[in-house]
Structures are given as structure tokens and as C-alpha cells.
Amino acid sequence: MPCNASSADRLMIDAARLSQSIQDFGRIGALPNGGVCRLALTDTEKAGRDELVRRMQGLGLTVHIDTIGNIFGTRAGQDANAGTIMIGSHIDTVSTGGLYDGTLGVLAGLEVIAALNDAHLETRRAITVAAFTNEEGARFQPDMLGSLVFVGGMPLQDALDTLAADGTRLGTELKRIGYAGSDDGPRNIVAYFELHIEQGPVLEAETVQIGVVSGVQGISWHEITVHGRSAHAGTTPMALRSDAGLAASLIVQRAYEMTQAIGSDQLMTTGTMRLTPDLVNVVAEKAVFTVDLRNPSGAALKQADVSLLQIAEDVAAETGTRVTCRPLARFDPIIFDQRLVESVEKTAQSLGYSTRHLHSGAGHDAQMIARIAPAAMIFVPSAGGISHNIREFTSPDDLARGTTVLAQLVSGQAGLMKE
Ligand code: GLV
Ligand code: MN
Ligand code: MN
């Protein structure tokens, strides 16, 4: 029989164990000055995967690895036909990442499982903890690639054939680290929850404890290559140059002005730029750089995409260069399942936590799972709003509050059973 999750029999998480678990996991790929580097499918990320699988098995979960390397650890429910409640996120990081982005969502999932085990509680539905491949998109693009393939949004072969900037093939790396699985992963997902740090300043600034995430803004990544002609920096008159470095700089500057003209919701970042031959006294013959555009409005984002490509063409014409543009990622904004979003809010409030609705600026696996199942996210504050930075920090109390909300939501959806 299902039993009500009243405060008396509420599933109790162990906050100290959770904090320790995150700190211990942060040793894998630890950087000398704090933070971690676990770029997707590297040896260090493999070490993280191995540790995750070891922890899942230690908690009695049945582990499945799918063909794109997503890791699923499942605790069976009493009713094999009632589907699964999935808790997911990622353990890959950017190369200067913190301990919490993604890892929190996965390890909080394991804490929910540990709490159920401690309390000798069974559930009607299964519960699956998932770690998706290459969420960050820092090494291979697009971001959220593992969850995208899982929901059928990208053909497996295309994903396996994706190349990193250094020419490394994703599928080759996946096989090399031993995570090219053959399983399917659970299909009957009744609800998906992702606990994540906010990665922005709003919750902390407003002293709000739990962010109720209404949706995720649209994301558009472009790689722009400018082809110029290398020349001597001291002998070639300015008017006779075909300077790829200059053209790239002008495109970035004008894209930034275009962003400002669209308004405050529009974001634009050039996070990588490589010049060839990259020498002090040689005019660059090639510039390759990225532009990350984001906007909660799909129409505005589309406009930004069109404008960027026009700017690139205009600058090429003005500078006597040639440009080629390659889309790296393109995801429309999404809105999470209304019913689940409300349940996040009600659950947090019933626990006495302050809440606020907000939209996610970062991309998340939840936005992919939302294509095939009701999905929702819980945010906890990020100190100083800092993320994708080794100084990323969320207090143990905030971690515990977010995980407590997660535990109540999951146990409610999975249906706690009396022994
Ligand atoms: C993923 O972390 C992204 O939003 O870039
Ligand atoms: Mn993340
Ligand atoms: Mn991230």
C-alpha cells in the first residue's frame, strides 16, 4: 500500500554524507588551486565514471550504460509496469569547473537512494539515477549531447562521429575509455527531476533558498572561420592586407553591439579564438572563434542568429577576407511541465523553504528529457553567482535543502510503500 509522505515519515537525507560525497568526488580531476577538470571522455572523466558506477553498485543499483555512454543506475520498484522516476544530471565539467555543476544532481540522486536504503523503504515505481554524456559541450559540441541522443534528438552515428577541436572523434574516445555500452536505458520515465546549482546570482541576492525553474532559454552556438592571407607585419601596408585577426575582432565587436541593440535578454559570448599561425609578427591567415548566443525568446534568438551571419559576411567584404560559419548547437527555449513545476514549489514551501520562480540561463539535460517525459528542475544558490569557475560554491545547508526537496518529490512520485 502506498503510504503518505507526511513530515513524520518524511524521507530523511544525510546532509553530512552528501557534502562529503561531493567533496570526495571533487578529488577526481582536482586542479591545483581548487575546482576540477573532467572534460567529457578523458581519462579523468573515466575515473569519475568508474567511481560513480562503483557507488551505484554499492547502493544496490542495477547499472546500464547506453550506446552514447549515458550511465543509468536503477533501484527496482515493486510494480515493474509502473515506470521509473529519473533523477539526472552530468559529471563532466568544463576545464576550469567547480565541484557542483552537474555533479550535485547526480550525487544528490545517490543520496536519495541511500536514504531509501537506510529507511528500508521500497517504492512502487523504480528510481533511476542518470549521468548523461558530454553535457558541458566544452570538448565536443553540441552540449547536452548524451541526453539529446537518449531522447532521439540526434542520430547516434552523428554523435559518435562528432570531432573535438583537436580532431579527436567522440565515438573513438567513448570506446577507448570503455563506456560504449549496448543497453537502451529506461524508457518509461514517469517524471524527471534535476537538482542543480543556479550558476547565477539571483537566489543569493534575494536570499531565496530554492529556485523553481520554469524553463531554459534558447541556445545557439556558431563556429566562425575567417580565411585571410598571412603576411609580414612590418612590410605589408594596412590597405593591402587580408587580416583574419582583424576581421574576427570586428565580427565580435559588431555582434556585441547587435546583442546590446536586441536588449538585456540577449546574451553573446566569444569564449574561444584561435589565430593561425599565431605569431607576433605575422598577419593571421586564419581565425577560428565561437559565438554563444542565448535568449529566452525563440524569435529574438533567431533574429540574433540571422544578424550574426550577416555581420560576418559584411565584415568579410570590408576586410578582403572570406568567412565560413558552422552551427555547433541550436536549441529552442523550453518550458518545463507545469504540474511538476508546481509540485517543486509546493514541496519546497511545505518544507518551510523560501522559493522563487526563475528561468535557467544555462543549458541542462532536463531540457532534453522534457521532450519525452514531464521534467522539472530545482535550483539552489550559487555563492556570488559564480559558475564554470574553480571558485564555484554552494553551502552545505543549501545542498541539503535542495536534496531534501528532491527526496520528497522523488519519493512522492515513486510512491513509498509500507513494509
Ligand atoms: C552548459 O553548461 C551551458 O549552458 O553552457
Ligand atoms: Mn550543469
Ligand atoms: Mn556547466
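D292 and R294 form a salt bridge in which the closest N and O atoms are 2.9 Å apart. The model is predicted, and a search of the whole structure finds 19 salt bridges.

**The D292–R294 pair and ligand 1**

- D292 counts as buried, at 15% relative accessibility, and R294 is buried with a relative accessible area of 13%.
- In the side chain of R294, an N or O atom lies 2.8 Å from an oxygen atom of ligand 1.
- E136 places a polar side-chain atom 2.9 Å from an oxygen atom of ligand 1.
- For H388, the distance from a side-chain N or O atom to an oxygen atom of ligand 1 is 3.4 Å.
- Ligand 1 exposes 190 Å² when taken alone, and the protein buries 94% of that area.

**Manganese site**

- D101 bridges the manganese ion (ligand 2) and the manganese ion (ligand 3), and the two ions lie 3.7 Å apart.
- H90 and D101 both lie in the loop between β3 (84-89) and α3 (103-118), so the pair ties together parts that are 11 residues apart in sequence.
- H90 counts as buried because its relative accessibility is 0%, under the 20% limit; D101 is also buried, with a relative accessible area of 5%.

**Other salt bridges**

- Side chains of opposite charge can pair when their charged atoms come close.
- D50 and K46 meet through their side chains in a salt bridge with an N to O distance of 3.0 Å.
- Because D50 and K46 are four residues apart in helix α2 (residues 43-58), about one helical turn separates them.
- Both residues are partly exposed, D50 with a relative accessible area of 32% and K46 with 28%.
- R326 forms a salt bridge with E223, with the closest N and O atoms 3.0 Å apart.
- R326 belongs to strand β14 (residues 322-331) and E223 to strand β8 (residues 218-227), so this pair ties together parts that are 103 residues apart in sequence.
- R326 is partly exposed, with a relative accessible area of 43%, whereas E223 is buried, with 16%.

Key. Residues are numbered from 1 along each chain as its sequence is written. Chains are lettered from A and ligands numbered from 1 in the order in which they are written. This is a predicted model: local features need pLDDT of at least 70, side-chain atom pairs count only at pLDDT 80 or more; totals for chains, interfaces and linings use all residues. Side-chain values use heavy atoms; hydrogens and water are left out. Donors are N, O and S atoms within 2.8 Å of the metal (3.2 Å for Na, K and Ca); water is not among the atoms, so sites may look incomplete. Helices (H or I, at least four residues) and strands (E, at least two) are DSSP runs, numbered from the N terminus. Buried means under 20% relative accessible area, exposed over 50%, partly exposed in between (1.4 Å probe, protein chains only). A polar contact is a pair of N or O atoms within 3.5 Å; within protein, one must be able to donate a hydrogen and the other to accept it, and residues adjacent in sequence count only if both atoms are side-chain atoms. Accessible areas come from the Shrake-Rupley method with a 1.4 Å probe; for residues, only the protein chains shown count as cover. A salt bridge is a side-chain nitrogen of Lys or Arg within 4 Å of a carboxyl oxygen of Asp or Glu.
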